[in-house]
Amino acid sequence: LRCQLQVVESLFGPSSSSSSSSVPMASQAGDRKEPKKSKKQKQKQKQPAAKKKKSEARIYYDAPPPEPIPGDFKGIEVDVEKDLMGKDTDVQKRLRELCKTIPIPSAKFKRAPPHYYDSPLEIRRDILGAPHIDYLCKTMIMRNTKSKAKDCSDRTDSKYYMVVIQYTAKMNKEKLMKIIRGLRTDETKLSKKLINMRVASMEEGVALSGFGHNAVTPVGMTVKIPMIVSHRVLQLPYIWLGGGEVDVKLKISIPDLCRVFDPIIGDLG
């Protein structure tokens, strides 16, 4: 019998009766070790829950409905002493005549004191009588240095663009590029490599607009350039822009701006 037990132990190890005294019991579930997880199971456990795709940000915005033109409109009124500080010029007379013939009933020109551009936006706001500094805008002529276009006749691929944006906002060039690229949706859509927007030189600005530095106004431009307007101005009834001379500003309603210049309205940042 003893010989038989020795043979069994040599095959399967010590019998349960002999090993129970030296090996601790592990019959309870809490003492059992969990099986090892495979690499795939570990990777799956570490992966975060799939995020929902965000909807694409809006790029373009609709223009407000046009304002009715008064039947008795015969041109904009100006008080030379009050509005132009007693200084009327041929430039101002030409611009007023254009506002009459286009017509732009909401247009108003105001000459600012010499220290205007040296003053903070709050002082400029008070000089123009605007409710908030957000009403103060600038007009920038931008050049696409990568464009193969020779002129500005095609607004989906123009050599130059006129950008209107608030002084309180910062233009995002990536968003400007998206606005321009989005104007074409078929196989002719411009490649990113064909868009590189830079502020036009002073010489280019004068040649295209007919106005000097810090005097650019969309009214009476020498060359018709496609206009891109920040969507943020849609929240305002009107804005102030350059008025053809360094110290003259133009007030124009947003509906008139959109009706006359048919701008591309988009998110510029």
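1. Helices (H or I, at least four residues) and strands (E, at least two) are DSSP runs, numbered from the N terminus. The model is a predicted one, in which local features need pLDDT of at least 70 and side-chain atom pairs count only at pLDDT 80 or more, while totals for chains, interfaces and linings use all residues. Residues are numbered from 1 along each chain as its sequence is written, and side-chain values use heavy atoms, with hydrogens and water left out.

2. Helix H9 spans residues 254-261, and six of its eight residues are buried, so the helix is largely enclosed by the rest of the structure. The buried residues are Ile254, Pro255, Asp256, Leu257, Cys258 and Phe261. At the N-terminal end, Ser253 caps H9, with a side-chain oxygen 3.1 Å from the backbone nitrogen of Asp256. Just after the helix, Asp262 adopts a positive phi of about 45°.

3. H9 also lies across E6 and E7, and runs at about 90° to E7. For such angles, axes are lines fitted to C-alpha atoms, for helices over the stretch in contact, and values run from 0 to 180 degrees between N-to-C directions. Contact means heavy atoms within 4.5 Å.

4. The sheet comes next. Strands of a sheet pair through backbone hydrogen bonds, either parallel or antiparallel. In this model, three strands form an open sheet in the order E1-E7-E6, with antiparallel pairing. Strand E1 (108-111) and E6 stand at the edges with a single partner strand each, so one side of each is left without a neighbour in the sheet. From one strand to the next, the twist averages 30°. Two strands pair if DSSP finds at least two bridges between them; E1 and E7 have four bridges in the antiparallel sense. Within this pairing, Arg111 stands opposite Val248 in E7.

5. Leu128 belongs to helix H6 (residues 121-128). With a relative accessibility of 7%, Leu128 counts as buried. Leaving aside neighbours within four places in sequence, Leu128 is in contact with Lys110, Tyr116, Leu136, Trp240 and Lys249. Leu128 and Leu250 are 122 residues apart in sequence and 9.8 Å apart in space, C-alpha to C-alpha.

6. The largest pocket holds about 420 Å³ of space. Its lining comprises 26 residues, of which Thr139, Met140, His213, Asn214 and Val216 lie nearest the centre. E2 (137-144), helix H8 (202-209) and E6 each supply at least two residues of this lining, and E2 gives the most, with five residues. On a 1 Å grid over the protein atoms alone, a pocket is an open set of points where a 1.4 Å probe fits, with protein on both sides within 12 Å along at least five of seven lines; lining residues have an atom within 4 Å of a point. Grid points are joined across faces, edges and corners, and a volume is the space filled by probe spheres set on the points.

7. Thr139 lies in strand E2 and is buried, with a relative accessible area of 15%. Apart from neighbours within four places in sequence, Thr139 is in contact with Met162, Val163, Val164, Val216, Pro218 and Leu241.

8. Overall, the chain has nine helices and eight strands. Of its 269 residues, 37% count as buried.

Notes:
Buried < 20%, exposed > 50% of the residue type's maximum accessible area, 1.4 Å probe, protein only. Polar contact = N/O pair within 3.5 Å; in protein donor to acceptor, adjacent residues only side chain to side chain.
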